[in-house]
Amino acid sequence: VVMLEPPGGHPLRRYHPAGSDAADPTIDSPFFAFLAGGKGSVEMADAAPVDLLTAADIVILGATPAQAATIGLGDRETADIASTSTLVTVSDFGWSGPWSERPATEFTLQAWCGSTGSRGEPDRPPVAVGGDLGEFVAGTYAAFFALATHYGGGRHHVDLSVLEAMTSSMQVFSWLRKGLMLLEVISRTTEVPSVERAGDGYIGISMATAQQWQDFCAMVECPDLADIPELRFQGGRWEYRDLIRNRTADWFAARTVDEIVELAALFRIPMAAIGNGETLPGMDHFVQRGCFVEHPAGFRQPRSPWLMSEAEPVPPALPPAPGETTPAWGPRTPGDPSPELPLRGVRVVDLTAFWAGPCATHALAMLGADVVKIESVQRPDGMRFAGGFRPDVERWWEYSWVFHGVNSGKKSVTLDPGSPEGKELFGRLIASADVVVENFTPRVMENFGLDYATVKGFNEGIIMVRMPGFGLDGPWRDRVGFAMTMEQLAGPAWLTGYPDGLPTAPRGACDPLAGIHAAFLTIAACEFRRRTGRGQLVEVPMIDVVLNASALQVIEHDTSGALLTRRGNCGHEFAVQNVYSCAGDEQWIAVSIRHDGDWRALKAVLGQPDWSRGLDYTIDSADEIDTRLAQWFAGRRLRDAVDALVSTGVPAAPVIAPPDVIDNPALRARGFFQTVEHPLCGPLPYPRPPITGDFVHSAAPLLGQHNTEILCGSLGLDAQELDRLASDAVIGTWPLGL
């Protein structure tokens with residue numbers, strides 16, 4: 001991996017977050033050392049070296065078309081690169097569509113994708129996710145598409161939109177929820193309960209199932225709350241938030257965080273301490289698993305978020321000096337791109353549930369892999385039930401919007417792996433597969449007798465990707481955890497929320513973040529097997545992924561002693577950034593002022609007011625500017641204010657309610673929503689991957705929809721055998737007990 005840097009080096013070399021003491025500007029920032037360790041560096045003059053780029057296997061270009069042209073990469077040059085290499089362009093809105101050059105930051109993209117508008121208290125402004133989580137999501141998608149395209153033959157231009165990546169990850173397909181559940185979606189909430197005050201700190205709570213709610217009510221000694229039907233699902237608890245908080249506050253306050261976590265583990269309810277840059281490296285699970293390692297630049301960093309049985313990660317290394325590398329790459333032969341999807345022919349047995357695991361296999365399916373989703377009538381994917389209840393339809397579990405969002409393009413087979421016949425059929429499916437993916441706690445697969453050694457017995461060359469929340473070993477290995485658990489524990493929640501309020505979970509973005517990491521590692525393992533002939537076990541714990549995404553907190557505390565914390569919508573990157581109220585009810589604008597150029601443009605929009613004369617754009621002037629902006633926006637219509645700022649190059653966006661993302665003109669123009677007919681739900685606008693192309697060819701499957709096709713067609717069973725398996729509940733199309 002070789003970076004092309006402008007004269008003087010990449011701007012990230014000088015990055016220090018607001019809230020920490022700036023170090024010597026001549027020394028690379030620790031965060032840059034973490035991200036760039038082990039890479040090479042070529043320093044550009046006026047133009048990018050096209051000969052070097054056409055000799056690369058993969059080129060990742062973070063630029064809009066106009067920005068690329070300023071370094072000599074116009075249409076002809078990028079076409080030349082894509083004829084020899086996999087070219088992945090990463091830009092805010094993508095290279096096609098009406099907004100390819102629109103100014104943006106992660107903060108304004110969060111507003112556009114519905115993330116900010118979904119979060120906060122109704123009497124306060126909406127609040128964005130802290131910690132640049134969207135940047136990590138988009139970067140992970142870019143790495144996955146780069147590797148998958150190269151694996152399939154390369155020679156493509158892959159056009160990635162950061163907005164689309166964030167829309168797929170930082171809000172939960174609410175445009176589907178509105179249509180499938182016939183509900184008006186409340187635009188701004190927090191989970192109830194979510195983060196509460198214990199006797200000695202904060203405790204994070206996440207519950208995705210009705211059973212967990214029942215167990216929670218028993219644990220906190222409020223059994224009567226379990227009798228209120230509306231509280232079974234998270235969406236119904238918001239209206240009862242004051243009742244729930246008042247009834248449970250004393251119970252939490254009377255116990256320590258450790259006591260509550262241990263008790264919750266017995267009830268199998270996901271709860272965790274709220275971690276931050278000071279506390280994370282010392283937590284016993286992370287210490288025993290070696291989750292933090294020493295960087296040669298003198299700080300602790302998270303280790304690689306994966307473990308492979310046949311390969312070791314590259315150890316931490318120092319970053320390169322600007323221009324220190326001279327790559328000796330030979331020329332590559334130009335050719336035409338393959339018309340087929342890059343993962344065509346890869347066969348995946350999918351044992352995943354909820355969001356992170358299904359997101360991994362969904363990414364593989366969208367790029368052409370043949371994915372067979374295995375559920376059982378005893379234990380369907382819990383996400384089928386997490387979307388709420390519709391009393392007007394018979395098979396209400398087929399309407400969950402989250403299930404639909406990450407299961408299109410798959411086939412569904414039901415098998416009971418706890419039965420001898422189910423396990424035998426499962427083994428026959430694995431025998432002809434390339435990959436098995438699962439994301440349960442370790443004990444689940446062990447109880448089924450389906451650990452890696454057993455699975456390898458069915459197929460010597462199998463790749464088994466395991467995604468346990470906390471890893472396959474360590475004191476927390478058997479704890480239950482969802483994305484919000486990891487966000488609460490590993491740092492993102494600590495940076496999200498009002499400065500004077502509780503830490504706030506980003507609301508699930510770490511599920512797809514972990515899922516795309518697992519998809520990336522799946523392709524890496526496939527490439528390893530193509531080179532060596534060996535399959536292997538791949539472990540991708542969600543907690544390790546999230547620790548990497550929040551590494552800045554630990555790094556800054558180690559190097560500067562600064563404990564980064566919640567700054568509301570101000571973030572840690574720019575002096576001035578906020579959500580402001582415009583004229584009218586619930587009309588909010590998100591604005592980032594990145595540098596002096598934006599400040600000059602903003603002053604022009606404001607009409608060069610007297611208060612701005614002689615006022616430099618610095619941290620010291622941030623409060624004054626922020627107060628004046630709040631006054632100015634209060635008298636402006638939202639759309640007019642957005643247009644005025646964007647037209648001068650200042651990043652701004654309306655804070656939209658999550659369902660309204662479907663009306664975004666850039667997403668529509670780029671074909672992000674691809675309509676497919678579902679056998680029960682009718683036509684649905686499914687999200688495609690955040691790259692241009694036609695990917696969604698079939699709807700999310702009904703439970704057991706492909707039993708006959710797979711079990712009779714692929715495994716050779718006859719109709720009589722199929723009927724017998726159904727009568728014995730080894731297979732089926734209806735959850736037991738419903």
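Asn578 has Val591 in E19 as its bridge partner. Here helices (H or I, at least four residues) and strands (E, at least two) are DSSP runs, numbered from the N terminus. Before I go on, a word on where this comes from: the model is predicted, so local features need pLDDT of at least 70 and side-chain atom pairs count only at pLDDT 80 or more, while totals for chains, interfaces and linings use all residues. Residues are numbered from 1 along each chain as its sequence is written, and side-chain values use heavy atoms, with hydrogens and water left out.

Back to that pair of strands. E18 (residues 576–581) and E19 (residues 588–593) pair in the antiparallel sense over 6 bridges; two strands count as paired if DSSP finds at least two bridges between them. Together E18 and E19 form a hairpin with 6 residues between them, and Gly584 in the turn has a positive phi of about 105 degrees. Is E18 buried or exposed? Of its 6 residues, 5 are buried, so E18 is largely enclosed by the rest of the structure. For the cut-offs, buried means under 20% relative accessible area, exposed over 50%, and partly exposed in between, with a 1.4 Å probe and protein chains only.

Now to an open sheet of 7 strands. Its order is E11-E17-E16-E15-E12-E13-E14, with mixed pairing. At the edges stand E11 (307–308) and E14 (411–414), each with a single partner strand, so one side of each is left without a neighbour in the sheet. E11 is joined to E17 (residues 537–539) by 2 bridges, and these strands run antiparallel. Met308 stands opposite Val538 in E17.

H20 lies across E11, E15 (435–438), E16 (463–466) and E17, running at about 160 degrees to E16. Axes are lines fitted to C-alpha atoms, for helices over the stretch in contact, and angles run from 0 to 180 degrees between N-to-C directions. Contact, by the way, means heavy atoms within 4.5 Å.

What does H20 pack against on the helix side? H20 (residues 510–532) packs with H21 (residues 542–549) at an angle of about 105 degrees, with their axes 9 Å apart. That makes H20 roughly perpendicular to H21, given that angles under 35 degrees count as roughly parallel, over 145 as roughly antiparallel, 65 to 115 as roughly perpendicular and the rest as oblique. From H20, Cys510, Asp511, Leu513, Ala514 and His517 meet Met542, Val545, Val546 and Ala549 in H21. By class, this contact has 7 nonpolar, 1 polar and 1 charged residues. In that count, Ala, Val, Leu, Ile, Met, Phe, Trp, Tyr, Cys and Pro are nonpolar, Asp, Glu, Lys and Arg are charged, and the others, Gly among them, are polar.

Next, the interior. A nonpolar core is a set of buried Ala, Val, Leu, Ile, Met, Phe, Trp, Tyr and Cys residues joined through side-chain atoms within 4.5 Å. The largest one has 120 residues, of which Phe144, Phe286, Leu343 and Val465 touch the most other members. Leaving aside neighbours within four places in sequence, the contacts of Val465 include Val435, Ala518, Thr522 and Val538. Apart from that core lies another, of 31 residues, among them Leu351, Leu429, Ala433 and Leu717.

There is also an open sheet of 3 strands, in the order E6-E7-E8, with antiparallel pairing. Neighbouring strands of this sheet are turned by 35 degrees against each other on average, direction ignored. E6 (195–198) and E7 (residues 201–205) pair over 4 bridges, and Glu196 has Ile203 in E7 as its bridge partner. H19 (residues 483–490) packs on the sheet, touching E6, E7 and E8, and its direction makes about 10 degrees with that of E8.

Finally, some backbone geometry to check. In the loop between H8 (174–181) and E6 we find Pro193, joined to Val192 by a cis peptide bond with omega about -15 degrees. Asp132, in the loop between H5 (106–113) and H6 (133–151), has a positive phi of about 55 degrees although it is not a glycine. Asp132 is partly exposed, at 27% relative accessible area. Arg268 also has a positive phi of about 55 degrees without being a glycine; its place is the loop between H12 (257–267) and E8, and at 28% relative accessibility Arg268 counts as partly exposed.
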